[in-house]
Amino acid sequence: MTDGLTRTGSPRILTALALRAAELDAEDPLASYRSRFLAEPGVISYLDGNSLGRPLSATRESLGRLVEQEWSARLIRAWDERWMQTPYAVGDRIGRTLLGAAEGQTVIGDSTSVLLYKLVRAALAASGERDEIVIDTGNFPTDRFIVQGVADELGAKIHWIETDPHGGPEPEQVEAAVGSRTALVLLSHISYRSAQIADVPRITDIAHRAGALMLWDLCHSVGAVPMELDSWGVDLAVGCTYKYVNGGPGSPAFGYVNRSLHSEFQQPIWGWMGAAEPFAMGRDYAPADGIGRLLSGTPSILGMRPMQDMLDLIEEVGIAAIRDKSVRLTEFLLELHDTVLAPLGFSLASPRSSEVRGSHVSVEHPRAKELTAALWEHGVIPDFRAPRGIRLGISPLSTGFGEVYDGIAALAEVAAG
Ligand SMILES: *Cc1c(COP(=O)(O)O)cnc(C)c1O
């Protein structure tokens, strides 16, 4: 590592930063929680917890228990005994622990993409003559594609907000985009590229004053940033559970529908699990009362198991302390960027102020793709985003300061080499 860095003249700075990382780890009140996650042979620095969270050790046991004590021991009886309630119980828990949502408004359903489809369609159905959807060009691909598909299907219009790729949607832009034809505004709480945090209360209020519904995608914020959906007056929300909620690959997403909309809300995929009485096997569909009508088919009981282990841990620590550590880690990352990466031709692609920055930091470099590939070979795992972005994701409960230091030192080494 020193070879390349000697050329940048920074080995002394690096040593000082390595010592600071060790100090920050020693002072970190949440440091011990890192040992709750499974050890990963050969991984030096995992900086992609914002794409796929690490597994907890507890999950190995809890999945085994589910297979033996529920699936095998209880077989089909387990549906009546507990599984039918699981999507609601876990949804309520996510609502209470992470979303600031009272019970009965959050449920675990399909993937984020499918839930987005259902919620966008439901919002348009509830909006009478209004036929416009406002969304930003910087939103995650699936959000944009789902909206394009729905617009095509229903003959609705899309009003695009052009967002700064280093930032995110601003209230003034939303204000200028909404009007008497707007049915729905769909934005991400945290931009997946820049990590900028949107002003949810203000933007939601702007949508409401225009008579539109507001749908927030929480994929990059849930589990890392506290929120208050009920008091912010949010109508609809959706979010991933495999990122900061460590639910594992393909774990199902949650949907939130504000109670005030439950009676009029109708989603387009009428399956038996969203019906008022799934086991009545009736002739015609009648939606369940409340949030249950967001469901369609048989819920993924296996897919909901690991996230409950993470919810145990999050409840033990508290989301405020998690956010606090996330801010300290990303501040340290910024310091490393400024002192070590910037002299090597990197630039920052995330907000400087932690007030509006989530739990990852994006940097740019002309050779981002090849640098990321070189790091992956050495057990340092950030995330490449075309054309020149590298995302450095911090998952506060499983990432340490020394780990961040090691990752950035390795990145500097390959960039200088
Ligand atoms: C990760 C992510 C998704 C993923 O959607 P899936 O259906 O789970 O693949 C959607 N939106 C945003 C903003 C994301 O960050």
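Guide: Partly exposed describes a residue whose relative accessible area lies between the limit for buried, under 20%, and the limit for exposed, over 50%. The model discussed here is predicted. E331 has a relative accessible area of 36%, and is therefore partly exposed. Its side chain meets that of R357 in a salt bridge, at 3.0 Å from N to O. This pair links distant parts of the chain, 26 residues apart: E331 belongs to helix 12 (residues 319-341), whereas R357 lies in the loop between strand 9 (347-348) and strand 10 (360-364). R357 counts as buried, because its relative accessibility is 1%.

Helix 5 and helix 11 are also linked. D312 and R93 form a salt bridge through their side chains, at 2.6 Å from N to O. D312 is in helix 11 (residues 305-317) and R93 in helix 5 (residues 86-99), 219 residues apart. D312 is partly exposed at 41% relative accessible area, while R93, at 15% relative accessibility, counts as buried. Another salt bridge joins R96 to E315, with the closest N and O atoms 3.9 Å apart. Here too distant parts of the chain are linked, R96 being in helix 5 and E315 in helix 11, 219 residues apart. R96 counts as exposed at 56% relative accessibility; E315, at 35%, counts as partly exposed.

The whole structure holds 28 salt bridges according to the search. Among the residues involved, D28, D324, K325 and R328 are joined into one network by salt bridges that share partners.

Definitions and conventions: Residues numbered from 1 in each chain as written. Predicted model: local features only at pLDDT ≥ 70, side-chain atom pairs only at ≥ 80, totals over all residues. Heavy atoms only, no water. Salt bridge = Lys/Arg side-chain N within 4 Å of Asp/Glu carboxyl O. Helix = DSSP H or I, 4+ residues; strand = E, 2+ residues; numbered from the N terminus. Buried < 20%, exposed > 50% of the residue type's maximum accessible area, 1.4 Å probe, protein only.
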